[in-house]
Each structure stands twice: as C-alpha cells, then as structure tokens.
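Here are my notes for a first look at this one. Have the sequence and the structure open as you read.

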Amino acid sequence: MAMGGGGGGKEGGGGGMAAQAGRLGVAASVAINLAGIALYLRRRYFGDGGKGEEELAVAPSSGKPPVTKDSVINLDHGDPTMYGAFWRGGAGERATIVIPGWQTMSYFSDVGSLCWFLEPGFERQVRRLHRLVGNAVADGYHVLVGNGSTQLFQAALYALSPPGAAAPTSVVSPAPYYSSYPAVTDYLKSALYRWAGDANMFDADGENYIELVCSPNNPDGGIREPVLKSGAGVAVHDLAYYWPQYTPITEAAAHDIMLFTVSKCTGHAGTRLGWALVKDRAVAQRMSKFIELNTIGVSKDSQLRAAKILKTISDGYDRAPAPAATAGDDSGRLFHFARRQMVARWGALRAAVAASGIFTLPDEVPGNCTFTKETVAAYPPFAWLRCEKEGVNDLEGYLRERKILTRGGGKFGADGRVVRISMLDTDEAFAIFIDRLAAMK
Ligand SMILES: Cc1ncc(COP(=O)(O)O)c(C=O)c1O
C-alpha cells in the first residue's frame, strides 16, 4: 500500500529529511485511502456519485420550465410564481429557516389542543396577520391547519354532513364556481355528500346542503355572499383571495367557517399549507378529526416555514407602519409589492384586449380599502375573458391553437365562449401572453 515520494526514499539532504518525507508520505497515503473508502461507501449506500452533502440536502426543484417567445404558455393553473421577485429580495433572507435534524420529529405539536397537530408558532402568526390586515376576525375562532386549503375544504364537507342522513348532503356553489369544487367533492363518491351544481338552480326547500361561497370568486373575481338562505343549509366561505393585493378589504369577515391558504396570500403554493377559522367547537373538532384520519396531521416543517413567512410579512409592516404614506417604496411590504404587480398586469391586459378588439373582461369595481386606507380597484387573480368574435364557441380551443393554455368556461358551470386565465404566472410568461393576445383580431 505504501507508495509515493516518501516511501521510494530519495536520498540526500540527510537521513532526518528522508525519514520525515517517509512519514508524510504514509500519512498522505492513509488520507487518500480513507477518502477512497468514504467515496466507495457513499456510492454504495447513496448512489449519488459523490456529490457534496450540502448539495444533496438543499437542492430544490425549479418549478415550471422557463419560456421563450415560441413556447406554449400555460396559464391554466393559478400558480402564483409572480411573487418570486419579492421573496428573492431581502424579505427572502429574513424568511429563511434552518431545521436541525432532531427537530419536528414527533407527530404531535400540542397534545392538549383541539387541533393537536397545529404548531403554536404558526397559529400565532395567523392571528397576527389577520389583525394586521383586518380581513377576518380571528379572536373567538378556532384555528385549524390543513395540507392546503384543499384539505380543509374536504374537512369542512365531512364535518358538516350529518353521518346518519338518508341521502348525501348536497354541495352547491353559484356558477361560475371554482372548477375544483365538483371534482374534489365527488372523486371519492362519498355517501356523506355529493356535488349538486349551481346554487342558483338548487331547490333548497327541506334539503340539507352546503353552499361554497368563494369571495373574491375564482374564476370571475366577483364579491359574493351566500345565495341560499334556507335554515337547513350551511355556508363555507373560501376566502383564498380576500387579501389586499386582489381586492379592497372592506370589512373583517366573521363567518362560521373561513378558509385561507398561503398559496394565494404569500405565493408559497409548494408549502401546501392552509388554515381555517372556525367558530363552532364541535365543527372544528370534526374537521380536525378528518385531517387526523386523512393524513395524521400536517407537516410541522411546512408549518414552521409558513410561520416564518407570515412573520416576515407582518414584520415588514411593523417596520413601516404607514404604508399609504410611503406608497411606491414597497420593499419589505408584500401586499404593496403584489398590488403594484397586479395593477401593472391588469393595465397590460386591458390594453391588449382593447388592441385586439375581439375580447371583453368584467368591469373594474373600486372600493375603499381599510388596510391601505385608499380607494382602490379590485385586481382579481384570474381574468375571466370572453370572446365576442363570430364563430368562436370554444375559446379554450381557440387559444390552445395559439399556444396559450387556459381553462374553459364549461369547467366552471359557464359557457365555452369564456375562459379563465391565471394572472399570477411569471413575468416572462405573462408578457408573451399579452403580446399574443393583442395580435388576435
Ligand atoms: C378559491 C380557491 N380555493 C382553494 C384553492 C386551493 O388552495 P391550496 O393551494 O391551499 O390547496 C385554490 C387554488 O387555486 C382556489 O383558487
């Protein structure tokens, strides 16, 4: 095994030197061989070709591929990647967390709590953010955490459907409704509840029902209240978009069940975290039970990360308590940054629609925002785009031929001359979409 300069023994310069060189050579050779063994073991057990541990531990996926001007532009999903620019700035550094290997190992977060898998730090930041924005009353409400608000929506259906009822509870929402509502309600063909379509067409007399109230509404941005008033029904308020970048905050919502998500508030859809504010203890307990049965709780790692993200947003406003007075400098203030983006995007979209001449959009509705203390228009996360051109009855197909992917009206209980377009994608994808739309005649 011994090899190298020392072992070969270059004479001269004295025996001491030779002996020292020999010792160094042996040490070097041992080091080389230990490294070799380590590499062999790593390859054998991890099959990673010897990449650095650091790289393996933190290298993230990069999301959707970048676009060029000839790409297919996918604006079908509401993937909120446009907030990336905010988080890549200083706020991103402040939102960084490190989770040592020994942390977050137990299933439990707070054994004594109704929602035993809810991280207390996440709950604190949720309550703090609602106090800051004033969009919902959190005092006197139970906070529940879910794997996205998608899981909490299902938890609410489970909690609100009487188990022994003769027929499944009807789940309705006024068209156009969020396209996931029918799909998520029915995919397991539950005996507890079933999708019953457009709330405006539903005969609520003597029927158990759950009305899903999405406000601002996905897909058309409308501000909504329940349309059904019968005593046998209950409402679930999906307030995913009730944040200042999308709509003026006009009051602190105080409904029985309110659903929120970091996806649309902060842009962290990949963290897969939502929360519910629930007034009634028994309903909150049943919702919590659903999540226990469904996924045995919610990732603590995600909750810690989301807590830090929400904290970073609130801290940003604590540092600059008079946002309206300093409008224009929105560094560190997420809602101001995001609103500025939405204003610019809606301006570009309305200009493209005017240049094209074959499309229409819903009107802008202004309101007084209690958060920014300004009168502002609503800038919804989706454009509900209608085509007025003769013969275009399948607008989704028409745009697909022009390499723009959208979601057709049929999936929302509307007609095929209208589509939903995400306003939240990357700057690059949005700019290409605008150029293509303006050129359609
Ligand atoms: C109205 C509405 N609710 C809920 C969701 C889902 O949110 P999450 O990512 O938290 O599951 C969406 C996502 O597009 C949505 O538009």
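1. A term to start with: buried means under 20% relative accessible area, exposed over 50%, and partly exposed in between, with a 1.4 Å probe and protein chains only. Helices are DSSP runs (H or I, at least four residues), numbered from the N terminus.

2. Some housekeeping: this is a predicted model, where local features need pLDDT of at least 70 and side-chain atom pairs count only at pLDDT 80 or more, while totals for chains, interfaces and linings use all residues. Residues are numbered from 1 along each chain as its sequence is written, and side-chain values use heavy atoms, leaving out hydrogens and water.

3. Start with H7. Because 12 of its 13 residues are buried, H7 is largely enclosed by the rest of the structure. Among the buried ones are Gly-148, Ser-149, Gln-151 and Phe-153.

4. Now the ligand: 13 residues surround it, and Ser-149, Thr-150, Tyr-241, Thr-261 and Ser-263 are the closest. Being near here takes a heavy atom within 4 Å. H7 (148–160) and H9 (262–265) each give at least two residues to this shell, and H7 has the largest share, with three.

5. Look at the polar side-chain atoms too. One in Asp-238 sits 2.7 Å from a ligand nitrogen atom. For ligand oxygen atoms, the distance is 2.8 Å to an N or O atom in the Asn-218 side chain and 3.3 Å to a polar side-chain atom of Tyr-178. The protein buries 91% of the 400 Å² that the ligand exposes when taken alone (Shrake-Rupley method, 1.4 Å probe).

Notes: A polar contact is a pair of N or O atoms within 3.5 Å; within protein, one must be able to donate a hydrogen and the other to accept it, and residues adjacent in sequence count only if both atoms are side-chain atoms.
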